[in-house]
Amino acid sequence: MNIKFKIENLSVYFGKEQFLNSVNLEVEANKILGIIGPSGSGKSTLLGALNRMNELEPYCRTEGTILMDGVDINSSTYNVINLRKKVGIVFAMPVPLPMSIYENVVYGVRLSGVNDKKRLDELVEKSLSEAFLWNEVKDRLNLSGLRISGGQQQRLCLARVLAMEPEAILLDEPSSGLDPISTSKIEDALNQLKEKYTIVLVTNNTKQAARISDNTAYFLLGDMIEVGSTKQIFTAPLKKETDDYITGRFG
Amino acid sequence: MKLVGEKGVQRILMITALSAISSLLLIALFIFSEGLPFIFKYGAGNFLLANEWDPNTGHFGIFPMIMSSVWVTLGAMVVGAPLGIAGAIFLSEYASPIIMKIVKPTIELLAAIPSVVYGFIGVMVLAPVIRNNLGGPGLSLLAGCIILGIMILPTVISISIDSILAVPRSYREGSLALGATTWQTTHMVTIKAARSGIVASIILGLGRAIGETMAVIMVAGNSVNIPNSALDSVRTLTANIALEMSYATGMHREALFATGVILFIIIMILNSIASVAIRNRNAKK
């Protein structure tokens with residue numbers, strides 16, 4: 001078993017409020033880890049710690065260590081810009097940048113200094129194909145990214161992360177605002193992508209976690225209650241809280 | 001029993017709103033009715049393009065004043081726009097919210113300082129510095145540009161900040177999450193998205209600069225000539241009207257009104273461009 005992230009005693013505070021309470025969690029490489037739990041349980045905060053987007057909030061404090069391939073990415077000496085290039089995120093609300101589809105995909109790559117037109121063209125086709133979007137937009141790559149449908153925008157946001165050729169992909173409820181067809185396209189894409197990437201999928205939809213994640217972790221009020229193989233979590237959870245949540249008896 | 005019904009309130013508010021518009025219309029009507037006949041009588045070409053302005057001999061060419069106004073305004077933009085935009089970027093993207101809360105109202109307070117005070121500082125401080133270090137009379141095009149550049153800062157900064165802050169936060173997050181630095185995000189995403197608002201802020205600043213009178217009269221020197229260098233004394237269109245209005249009669253008086261017509265048209269054009277730019281910003285999501 002190859003561990004990508006080893007999270008140890010991770011606590012996150014925004015101001016005086018604590019959003020994660022000393023979480024310990026291992027994320028396997030080339031697997032999909034589904035994270036489920038009611039809202040306010042710290043799922044998104046965990047993702048925000050993995051690529052340090054939490055730091056954009058003033059008054060955010062993160063304690064503990066997050067080892068990525070054995071290196072502590074939470075250390076102040078770790079270059080956060082490089083981290084975000086290696087650990088991409090897709091947000092709940094699909095928001096392409098206000099530029100063309102093509103430019104959206106190559107945005108991050110250009111910033112890294114790649115300007116070779118041929119290389120960029122290849123990347124655009126490859127990333128959009130991996131995100132199951134290429135066939136729908138290949139004839140209108142110069143259209144504004146804001147002019148395509150919500151489901152397409154979300155896959156565009158996935159494609160722009162893929163173009164960076166990251167090591168891990170974080171998804172924060174990527175299909176919360178999408179129709180079932182778009183959702184299944186995203187899920188198909190993720191199933192293929194785990195061959196190459198480590199994926200952490202936060203979802204409010206327990207069925208989605210059951211469908212596509214290899215492992216599942218249950219969070220409640222900032223605590224990691226239980227983690228295990230998806231099969232075990234959904235058929236024989238060890239903790240009563242987990243059972244209550246997945247069977248819908250929660251709250 | 002209600003004193004004024006719903007209909008009554010509506011009517012009163014409408015009259016108030018109309019009175020603002022009608023005063024604008026009246027002013028426009030007055031200026032045009034006084035100034036336009038002169039332009040037709042004297043000839044638009046002679047009026048706009050001739051170099052000689054000598055009311056005593058019946059010469060009313062305002063070309064030097066037009067050029068002076070243009071140069072002063074462009075100079076004010078060169079001074080004010082980079083400072084203002086850079087300040088707006090710093091305050092909206094880099095400064096902590098507390099600094100923003102203190103500095104932005106302070107900058108807006110700059111707009112409340114009477115222009116005569118700016119002019120006074122220009123005469124007492126700026127003009128001697130220019131005279132002693134660069135030569136010339138001190139009261140000059142350069143002094144006008146610097147003073148006006150400072151005077152347009154509040155306009156440029158506060159409208160720019162508003163349009164930068166109107167850029168959705170998710171654009172910034174999307175960019176930063178792809179490993180962009182704050183500066184890369186600012187110039188590749190935020191500024192581009194806020195571009196039309198920033199352009200509008202500059203144009204409104206230009207409108208303010210070209211219409212400014214008191215400060216310019218005090219610092220620009222007011223001799224009628226086409227400036228050859230930044231150190232020359234110049235007279236703007238606004239200064240021309242203000243300086244001669246009190247004693248002008250007959251043709252001379254009509255020529256000054258005609259100058260007002262020209263100013264009015266320039267400012268209307270600038271403001272229209274600005275409002276189109278602002279509308280574009282709102283239309284684009």
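**Close-up 1. Arg235(B), a buried residue in a predicted model.** At 12% relative accessibility, Arg235(B) counts as buried, because buried means under 20% relative accessible area. Its partner is Glu244(B): the two side chains meet in a salt bridge. From N to O, the distance is 2.7 Å. Glu244(B) has a relative accessible area of 5%, so this residue is buried too. The structure shown here is a predicted model. Across its chains, a search of the whole structure finds 26 salt bridges.

**Close-up 2. A salt bridge between Lys4(A) and Asp69(A).** These two side chains meet with 2.8 Å from N to O. The pair links distant parts of the chain, 65 residues apart. Lys4(A) sits in strand β1 (residues 3-14) of chain A. Asp69(A) lies in the loop between β4 (60-68) and β5 (71-72) of chain A.

**Close-up 3. A salt bridge from Glu57(A) to Arg169(B).** The closest N and O atoms of this pair are 2.7 Å apart. The pair crosses between chains. On one side, Glu57(A) belongs to the loop between α1 (43-50) and β4 of chain A. On the other, Arg169(B) is in helix α8 (residues 169-177) of chain B. Glu57(A) has a relative accessible area of 34%, so Glu57(A) is partly exposed. Arg169(B), at 46% relative accessibility, counts as partly exposed as well.

**Close-up 4. Helices α3(B) and α10(B) in contact.** Two packed helices are described by the angle between their axes and the distance between the axes. Here the helices are α3 (residues 63-94) and α10 (residues 195-211), both of chain B. Their axes come within 9 Å. They cross at roughly 140°. How are the two helices set relative to each other, oblique or roughly antiparallel? Angles over 145 degrees count as roughly antiparallel, and α3(B) and α10(B) are therefore oblique to each other. The crossing of α3(B) past α10(B) is right-handed.

**Close-up 5. Residues at the contact of α3(B) with α10(B).** From α3(B), the contact residues are Ser69(B), Thr73(B), Ala76(B), Met77(B), Ala81(B) and Ile85(B). From α10(B) come Ile198(B), Ile202(B), Leu206(B), Ala209(B) and Ile210(B). Which classes of residue make the contact? There are 9 nonpolar and 2 polar residues, and no charged residues.

Conventions: Residues numbered from 1 in each chain as written. Chains lettered and ligands numbered in written order. Predicted model: local features only at pLDDT ≥ 70, side-chain atom pairs only at ≥ 80, totals over all residues. Heavy atoms only, no water. Salt bridge = Lys/Arg side-chain N within 4 Å of Asp/Glu carboxyl O. Helix = DSSP H or I, 4+ residues; strand = E, 2+ residues; numbered from the N terminus. Buried < 20%, exposed > 50% of the residue type's maximum accessible area, 1.4 Å probe, protein only. Axes fitted to C-alpha atoms, helices over the stretch in contact; angles between N-to-C directions. Parallel < 35°, antiparallel > 145°, perpendicular 65-115°, else oblique. Left-handed = near helix turned anticlockwise from the far one by under 90°. Contact = heavy atoms within 4.5 Å. Nonpolar A, V, L, I, M, F, W, Y, C, P; charged D, E, K, R; others polar.
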